[in-house]
Amino acid sequence: MAGNARGIDVSNFAGEFNWAGTSGLSFGICRASQGLGAGGTNSPDPFLSWNWPQIKAKGLARGAYHFLDPGLDGAAQASYFAETVSQVGLETTDMLWLDNETAGSSPAAVAACARDFMARLVSLRPHNPCGVYSYWDFITSGNCAGLGSYPLWLAIYQTATPGAPPPWTEWKFWQWGATSSYDNDVFAGTPAELTAWISSFQPNVEVEVQSGQLNNGAGAVSVVTVPHGTGTNVTFGCDNGLQGLPPAVLRVAIHDQHGWHVTNNVTVDSGGQVGVKFPDPGSTGVISVRRQDAGEVVVGYEVS
């Protein structure tokens with residue numbers, strides 16, 4: 001493990017963990033949610049709002065995990081997990097992990113629930129590193145069938161570097177030991193390789209940035225689709241002064257996993273570009289712009 005990126009993970013039992021007091025780490029992972037948040041599950045995790053910003057403040061790669069309840073709908077749990085972490089500030093560079101270690105009615109049923117969870121999670125957060133945490137015996141009992149295409153965070157407490165149990169051929173993270181307040185983890189590579197691995201999930205902004213022209217006419221509506229995670233704001237500009245026309249006035253509606261966010265009376269003139277930020281860039285999918293002016297002046301837009 002010499003030279004490998006090291007990290008730790010914590011659960012709610014650690015309380016307000018002292019991330020500032022750690023040293024020699026490259027990443028930190030904390031518990032976020034369990035099941036669908038029923039009573040007695042401590043979900044959302046009572047210390048998520050503490051751990052999440054503290055991990056970032058320490059300068060560590062950051063991750064969160066969800067404890068799967070195989071008796072509940074897997075896709076619904078993934079939506080709940082993504083929403084829970086979004087409420088404390090989810091960025092595309094954050095890792096999202098499914099903790100699959102609870103027995104269900106059968107290994108096949110557990111695996112099916114986990115597959116539904118991961119399919120929904122990746123559809124919601126395509127630019128976040130998303131993977132599966134589980135332990136060796138649970139995996140080899142069939143509870144992770146069909147999950148081999150996702151990164152593996154393997155739990156097996158030993159000093160010798162392990163292999164990977166089928167359906168995986170390699171592990172990406174390894175939880176190798178524990179203390180009274182946290183677990184010890186290692187990444188399958190150097191700190192620089194960890195950064196590169198996380199970056200490999202990020203969108204190619206230069207390719208995916210969009211620009212164009214709004215439709216003209218009073219009340220005209222222009223709809224712009226935005227691949228998840230490819231931009232953080234939409235900017236408008238026009239040259240109404242050169243054309244001898246009044247400024248453009250727009251109603252800008254941005255849709256993400258939380259619903260529609262509407263900004264009325266966005267005024268665009270020759271004085272400079274006007275931008276509207278996405279409330280949740282990672283899940284923004286559609287922008288609808290309605291002309292509130294006479295729709296005479298030409299208005300350009302750019303998603304970036």
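## Terms and model

Buried means a relative accessible area under 20%, exposed means over 50%, and partly exposed lies in between (1.4 Å probe, protein chains only). By that rule N265, at 53% relative accessibility, counts as exposed.

This is a predicted model, in which local features need pLDDT of at least 70 and side-chain atom pairs count only at pLDDT 80 or more, while totals for chains, interfaces and linings use all residues. Residues are numbered from 1 along each chain as its sequence is written, and side-chain values use heavy atoms, with hydrogens and water left out.

## Overall layout

The protein has 304 residues, and 47% of them are buried. Its secondary structure comes to 7 helices and 16 strands. Helices (H or I, at least four residues) and strands (E, at least two) are DSSP runs, numbered from the N terminus. The C-alpha trace spans about 75 × 40 × 35 Å along its principal axes.

A contact means heavy atoms within 4.5 Å. Take the contacts between residues at least 6 apart in sequence: 67% of them join residues at least 24 apart.

## The nonpolar cores

In soluble globular proteins, nonpolar side chains tend to be buried together. A nonpolar core is a set of buried Ala, Val, Leu, Ile, Met, Phe, Trp, Tyr and Cys residues joined through side-chain atoms within 4.5 Å. The largest one here has 37 residues. F81, V85, F117, M118, L121 and L147 have the most contacts inside it. Eight elements are named as supplying at least two residues each: β1 (6-10), β2 (27-34), α1 (48-57), α2 (74-86), β4 (95-99), α3 (107-124), β5 (130-135) and β6 (152-155). Helix α3 gives the most, with 5 residues. Apart from this core lies another, of 20 residues, which includes V224, V226, F278 and I287.

L121 is in contact with A78, F81, L96 and C130, leaving aside its neighbours within four places in sequence. A114 lies in helix α3. A114 is buried, with a relative accessible area of 0%. Not counting residues up to four places away in sequence, A114 touches L68, L98, N100 and L147. A114 and L147 are 33 residues apart along the chain, yet their C-alpha atoms are separated by 7.9 Å.

## One face of helix α4

Helix α4 covers residues 136-143, and F138, I139 and N143 in it are buried. Seen down the helix axis, the buried residues of α4 fall within an arc of 100°, so they line one face of the helix. The arc is that of the directions from the helix axis to the C-beta atoms. These buried residues pack against α3, β5 and β6.

## A buried strand residue

I254 sits in strand β12 (residues 248-256). I254 is buried, with a relative accessible area of 2%. Beyond its neighbours within four places in sequence, I254 is in contact with residues including W260, V276, F278 and I287.

## Pockets

On a 1 Å grid over the protein atoms alone, a pocket is an open set of points where a 1.4 Å probe fits, with protein on both sides within 12 Å along at least five of seven lines; lining residues have an atom within 4 Å of a point. Grid points are joined across faces, edges and corners, and a volume is the space filled by probe spheres set on the points. The largest pocket holds about 350 Å³ of space. Of its 22 lining residues, V10, S11, F13, Y65 and D183 are the closest to its centre. β1, β2, β3 (61-67) and β7 (173-178) each give two or more residues to this lining.

The second largest pocket has a volume of about 200 Å³. It is lined by 13 residues, with L60, A61, R62, T93 and I198 nearest its centre. The largest share of that lining, 5 residues, comes from α5.

Most residues other than glycine have a negative phi, and most peptide bonds are trans. A cis peptide bond joins S43 and P44, with omega about 0°. Another cis bond runs from P166 to P167, with omega near 15°. P44 lies in the loop between β2 and α1, and P167 in the loop between β6 and β7.

N42 is not a glycine, but its phi is positive, near 50°. N42 lies in the loop between β2 and α1 and is partly exposed, at 43% relative accessible area. N265 also has a positive phi, about 55°. N265 is placed in strand β13 (residues 259-268).
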